[in-house]
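Here is a short briefing on how two chains meet. Look at the structure, then work through the points below.

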Protein chains: 2
Amino acid sequence: MPERGPSRGRPRDIDVDRRILIAARDLLLVNGYAALSIDEVADRAGVAKTTLYRRWPTKDHLIVAVVALMQDDVPILDTGDIRADLTDYLRQVADGLNTMRRAGLPEGADDRSAGVVAEVAAAAARHADLGTLIRAVFARRNAMAIGLLASAVRRGALRTDLDVAVLFDQLVGPLYYRILVTGEPVDHPYLDLIIDGALRGARPSHAHPA
Amino acid sequence: MPERGPSRGRPRDIDVDRRILIAARDLLLVNGYAALSIDEVADRAGVAKTTLYRRWPTKDHLIVAVVALMQDDVPILDTGDIRADLTDYLRQVADGLNTMRRAGLPEGADDRSAGVVAEVAAAAARHADLGTLIRAVFARRNAMAIGLLASAVRRGALRTDLDVAVLFDQLVGPLYYRILVTGEPVDHPYLDLIIDGALRGARPSHAHPA
């Protein structure tokens with residue numbers, strides 16, 4: 001979290017933070033990374049530029065905070081139907097990635113570029129504090145999604161000897177790989193194939209002898 | 001490929017290109033992205049700066065060309081043992097990613113950052129020509145690795161109804177996901193778990209009824 005300095009603990013700070021981040025998110029989605037202007041974000045949020053820079057000293061800090069905020073907007077539901085829950089979860093992840101990939105691109109533009117998704121990865125690589133922050137956000141969020149898999153193991157829907165963290169990577173990793181590397185589409189039919197592939201060997205009916 | 005202008009077709013150009021790219025790769029691995037200096041690359045390769053800029057107009061163009069070169073250094077062998085061949089292939093991919101992740105970091109530094117891997121992804125996202133180039137490189141290389149899987153299907157080592165492109169993503173995607181997003185280690189034990197997970201549902205003995 002950013003240093004708050006003398007304003008630490010004032011209740012309305014959270015509102016200011018959120019107002020800034022929502023303004024930044026909205027402008028990022030419209031303009032993309034290169035054209036995002038911190039001054040414009042401050043203006044839209046109705047705060048002084050110094051207020052914004054005190055919290056997020058660079059554009060990289062701001063976009064990583066925006067991504068952290070967006071992550072928390074993805075609910076993870078455990079309804080007891082692992083295929084349905086994974087489908088719901090992966091669709092939300094894919095929708096978020098596709099939205100970030102297309103941010104700032106004109107309608108109908110070639111959308112194979114990773115766009116803002118790659119800029120966030122590079123921001124995390126360039127600044128040690130941002131790397132630590134974003135990895136903590138993903139660790140916390142991913143633990144919840146891995147919990148879905150662990151819950152399915154406990155009720156017998158998935159094999160008891162499953163490495164749920166590895167299975168999780170095989171569900172989510174392909175989405176990021178396509179967005180960040182190959183540029184291939186991450187659409188709903190693809191998600192179904194990924195879930196089919198991951199669950200096929202993970203069901204107890206296919207268990208190897210112990 | 002870069003425009004060659006009037007020098008197109010001169011046989012020694014390929015040597016010059018390769019000399020520049022090897023100098024760039026060596027300096028990139030030692031210094032990382034931020035500290036990479038194009039002047040220093042030209043100096044080390046023994047070429048005029050203008051020669052280098054004519055081929056690769058920005059640092060981003062240069063590092064993407066370096067990655068394309070490194071990709072071609074990875075041999076893909078089909079020995080008829082799919083597990084052994086995948087292990088060999090994934091180890092080479094992981095070694096390359098880990099080398100790029102650590103490029104420019106002092107010995108013993110925290111190496112959870114994606115480092116140059118993220119800079120390459122961002123370079124491809126920032127420049128449409130680089131995005132097109134790097135996606136073409138990956139498409140060509142990945143087709144060879146997917147060919148390994150298709151060959152295993154043909155000889156009955158993998159299910160005939162397998163989507164080999166999806167299986168490939170579930171093998172390689174997790175490596176990039178860990179490097180670029182979660183920062184978790186991509187070591188040999190992890191690769192074994194990924195291969196176990198991918199092959200478990202892909203073997204014909206686990207086939208669903210058609």
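Four salt bridges link chain A and chain B. One of them joins the side chains of A:D169 and B:R178, at 3.0 Å from N to O. The model is predicted.

**Polar links**
- Between chain A and chain B, 15 residue pairs are in polar contact, with both residues at pLDDT 80 or more.

**Which parts of chain A take part**
- Four helices of chain A each supply at least two residues of the side that touches chain B: α6 (116-126), α7 (128-154), α8 (164-182) and α9 (188-200).
- The most comes from α8(A), with 13 residues.
- By type, the residues on this side of chain A are 19 nonpolar, 11 polar and 10 charged.

**Extent of the contact**
- Chain A brings 40 residues to the contact, and chain B brings 40 residues.
- About 3500 Å² is buried between the two chains. Carbon and sulfur atoms give 58% of that area.
- Three residues stand out: A:R135, A:Y177 and A:R200 supply 21% of the area that chain A buries against chain B, more than any other three residues.

**Symmetry**
- How are two copies of a chain related? By a rotation about an axis and a shift along it.
- Here, a rotation of 180 degrees with 0.0 Å of shift along the axis superposes chain A on chain B, with an RMSD of 0.0 Å. That is the relation of a two-fold axis.
- In chain A, the C-alpha of A:G201 is nearest the axis, 1.8 Å from it.
- The copies meet through the same surface, because 100% of the interface residues of chain A are also interface residues in chain B.

Technical notes: Residues numbered from 1 in each chain as written. Chains lettered and ligands numbered in written order. Predicted model: local features only at pLDDT ≥ 70, side-chain atom pairs only at ≥ 80, totals over all residues. Heavy atoms only, no water. Least-squares fit on C-alpha atoms with pLDDT ≥ 70 in both. Contact = heavy atoms within 4.5 Å. Buried area = accessible area lost by both parts, 1.4 Å probe. Polar contact = N/O pair within 3.5 Å; in protein donor to acceptor, adjacent residues only side chain to side chain. Nonpolar A, V, L, I, M, F, W, Y, C, P; charged D, E, K, R; others polar.
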